[in-house]
Amino acid sequence: MARGHPLQPLLHGDPLNATDVDLAALAGKIGHTFGRAELAAEALTHRGALDRRSDLKAAFPHGNERLEFLGDRVLSLAVADLLLRRFPQEHEGELARRHAALVRAETLVEIATTIGLGADIRLGDSERGQGEVVRPTILADALEALLGAVFLDAGLAASAACVERLWGDRLTSQAAAPRDPKTALQEWAQARRLPLPAYREVGREGPPHAPLFVVDVAIKGHEPTQARGGSKREAERLAAIALLERLSQ
């Protein structure tokens, strides 16, 4: 991308000499070879690493947050386009459920873990979980940041090709569009003439900048079930899944 391009302000400072990014290995993981190594470097730089490296801080004062913001939108559009083409007979509601399942944080974490992305992310000392495990939210954000970086490096077609490669069989693995677990739990309760499920935030764990929300869900006559997530909404969804699994036993 030449200087003066309207998307250039997404980058900060001068391009980083990103010699510590193994572009060949990264290309093998995501299916794209970067023409601009500094874009890959930015996508793999968590904000927590900036205090440890002045070169990163000068080049990317926001870490990979801006690319993650862009990549989230790129992923959403790419998945929507793929679903429209793969399921030409489905209605909007069915497509929406498929889309939600494919872009949710857990799917991103699964894909990032499968390709070993955690080893490539630059982190601060406090950003790793127990041992050397990279926190799930950081994995998900880095994968989205990479999609944003691919978009800036080569355009929407290239980033959509990465999505199609990385999401692979997930795009068509389910014969029917998946149901939202909170909706499924609500329908389970209504079918038995029970009050609607009640969700309650019972605590938060972890550092203030990366909290884990602890939520429980209860249905009258059944023990509450608890789950943790990177957002309250995600914790509620995971709690609904856990309770549905228990009720089906």
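Two strands are taken as paired if DSSP finds at least two bridges between them. Helices (H or I, at least four residues) and strands (E, at least two) are DSSP runs, numbered from the N terminus. The model is predicted, so local features need pLDDT of at least 70 and side-chain atom pairs count only at pLDDT 80 or more, while totals for chains, interfaces and linings use all residues. Residues are numbered from 1 along each chain as its sequence is written, and side-chain values use heavy atoms, with hydrogens and water left out.

Under this criterion, β2 and β3 pair in the antiparallel sense over five bridges. Within this pairing, V217 has T225 in β3 as its bridge partner. The two strands form a hairpin with six residues between them, and G221 in the turn has a positive phi of about 90°. On its other pairing, β2 (residues 212-218) runs antiparallel to β1 and is joined to β1 by seven bridges. Among the facing residues, A198 stands opposite A218 in β2, E201 stands opposite V215 in β2, and G203 has V214 in β2 as its bridge partner. The hairpin of β1 and β2 also has six residues between the strands, and G206 takes a positive phi near 85° there.

The three strands make up an open sheet with the order β1-β2-β3 and antiparallel pairing. Its edge strands are β1 (198-205) and β3 (225-229), each of which pairs on one side only. From one strand to the next, the twist averages 25°. Angles run from 0 to 180 degrees between N-to-C directions, and axes are lines fitted to C-alpha atoms, for helices over the stretch in contact. Helix α10 (residues 232-247) packs on the sheet and touches β1, β2 and β3, where contact means heavy atoms within 4.5 Å. The direction of α10 makes about 145° with that of β3. Five of the seven residues of β2 are buried, and the strand is thus mostly covered. Burial is assigned by relative accessible area (buried under 20%, exposed over 50%, partly exposed in between; 1.4 Å probe, protein chains only).

R193 has a positive phi of about 55° although it is not a glycine. With 80% relative accessibility, R193 counts as exposed.

A helix pair was also examined. The axes of α7 (residues 136-154) and α8 (residues 156-167) come within 7 Å and cross at roughly 145°. On the α7 side the contact involves L143, L147, V150, F151 and A154, which meet L156, A158, S159, C162, V163, L166 and W167 in α8. These residues divide into 11 nonpolar, one polar and no charged. In this classification Ala, Val, Leu, Ile, Met, Phe, Trp, Tyr, Cys and Pro count as nonpolar, Asp, Glu, Lys and Arg as charged, and the others, Gly among them, as polar.

Helix α1 (residues 23-30) contains K29. The buried residues of α1 are L26, A27 and I30. They cover an arc of only 105° around the axis, which puts them on the same side of α1; the arc is that of the directions from the helix axis to the C-beta atoms. The cover over these buried residues includes α2 (37-43), α7 and α8. Leaving aside neighbours within four places in sequence, K29 is in contact with I115, G116, D120, R165 and L166. The C-alpha atoms of K29 and L166 are separated by 8.5 Å, although the two residues are 137 residues apart along the chain.

G31 follows α1 and has a positive phi, near 85°. H32 is placed in the loop between α1 and α2. At 10% relative accessibility, H32 counts as buried. Not counting residues up to four places away in sequence, H32 touches A27, V150, D153, A154, A158 and C162. The side chain of H32 makes a polar contact with the side chain of D153 at 2.8 Å. A polar contact is a pair of N or O atoms within 3.5 Å; within protein, one must be able to donate a hydrogen and the other to accept it, and residues adjacent in sequence count only if both atoms are side-chain atoms.
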